[in-house]
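Subject: Structure for your review

Dear colleague,

Please find below the sequence and the structure that I am handing over to you. My notes on what was found follow directly after them.

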Amino acid sequence: MKTIKWSRNQEKIIHTYKDTYKILLEEDDLSPNNEIINRVLTELVSMISKPLEEPVAEEILNHDEIRSIRETMLEKLTIAETLMENHYAKLFVGCELPG
């Protein structure tokens, strides 16, 4: 098995991803109404939206822990995104007041 020397950035991305995953599992409300969800998803998006070289991104995606949680993480993120889109659609059409 090949041992990979992780950069600080890779370690931070992996740590943020795993922390976000843990919170997504713990929280019942994955909507924008939940300040915890807003905070962790904002941090995750900020972290993973920065450009990475393809080999570095592949190393992260192939990390054992990331691979083991990825499917469930994507399911939770899909729920959170759907709730966010619904929330903002209602605001846009005036069905719900902010706050």
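With which side chain does the side chain of Glu65 make a polar contact? The partner is the side chain of Lys18, at 3.0 Å. Please bear in mind throughout that this is a predicted model.

**The chain as a whole**

The chain contains four helices and zero strands. Read from the N terminus, its elements follow the order α-α-α-α. The radius of gyration of the chain is 16 Å, well over the 13 Å that the globule rule gives for 99 residues, so the chain is more spread out than a compact globule. The C-alpha trace spans about 55 × 25 × 20 Å along its principal axes.

Buried residues account for 25% of the 99 residues. The chain exposes about 7400 Å², and 54% of this is supplied by carbon and sulfur atoms.

**Helix H1**

Helix H1 covers residues 8–26. Its 19 residues should span 27 Å at 1.5 Å a residue, and its end C-alpha atoms are 27 Å apart, which agrees. The buried residues of H1 are Gln10, Ile13, Ile14, Thr16, Tyr17, Thr20, Tyr21, Ile23 and Leu24. They pack against H2, helix H3 (54–61) and H4.

- Beyond its neighbours within four places in sequence, Gln10 is in contact with Lys5, Val56, Glu59 and Ile60.
- Leu25 also lies in helix H1. At 42% relative accessibility, Leu25 counts as partly exposed. Leaving out residues up to four places away in sequence, Leu25 touches Thr72 and Lys76. Leu25 and Lys76 are 51 residues apart along the chain, yet their C-alpha atoms are separated by 7.8 Å.

**The loop between H1 and H2**

Ser31 is located in the loop that lies between H1 and H2. Is Ser31 buried or exposed? Its relative accessibility is 9%, and the cut-off for a buried residue is under 20%, so Ser31 counts as buried. The side chain of Ser31 makes a polar contact with the side chain of Asp29, at 2.6 Å. When residues up to four places away in sequence are not counted, Ser31 touches Ile37 and Leu83.

**Helix H2**

Helix H2 is formed by residues 35–48. It has 14 residues and reaches 20 Å from its first C-alpha to its last, close to the 20 Å expected at 1.5 Å a residue. At the start of H2, a side-chain oxygen of Asn34 comes to within 2.9 Å of the backbone nitrogen of Ile36.

Which residues of H2 are buried? They are Ile37, Val40, Leu41, Leu44 and Met47. Seen down the axis of H2, these buried residues fall within an arc of 125 degrees, so they line one face of the helix. The face turned away from this buried side carries the exposed residues Glu35 and Thr42. The buried residues of H2 pack against H1 and helix H4 (64–93).

**Helix H4 and the opening question**

Glu65, with which these notes began, is found in helix H4. Its relative accessible area is 39%, which means that Glu65 is partly exposed. Glu65 and Lys18 are 47 residues apart along the chain, while their C-alpha atoms are separated by 8.1 Å. It is the side chains of these two residues that make the polar contact at 3.0 Å.

Yours sincerely,
A colleague

Conventions: Residues numbered from 1 in each chain as written. Predicted model: local features only at pLDDT ≥ 70, side-chain atom pairs only at ≥ 80, totals over all residues. Heavy atoms only, no water. Helix = DSSP H or I, 4+ residues; strand = E, 2+ residues; numbered from the N terminus. Contact = heavy atoms within 4.5 Å. Expected span 1.5 Å × (residues − 1). Buried < 20%, exposed > 50% of the residue type's maximum accessible area, 1.4 Å probe, protein only. Arc of directions from axis to C-beta. Polar contact = N/O pair within 3.5 Å; in protein donor to acceptor, adjacent residues only side chain to side chain. Rg over C-alpha atoms; globule rule 2.2 N^0.38 Å. Areas by Shrake-Rupley, 256 points an atom, 1.4 Å probe, with all protein chains shown as cover.
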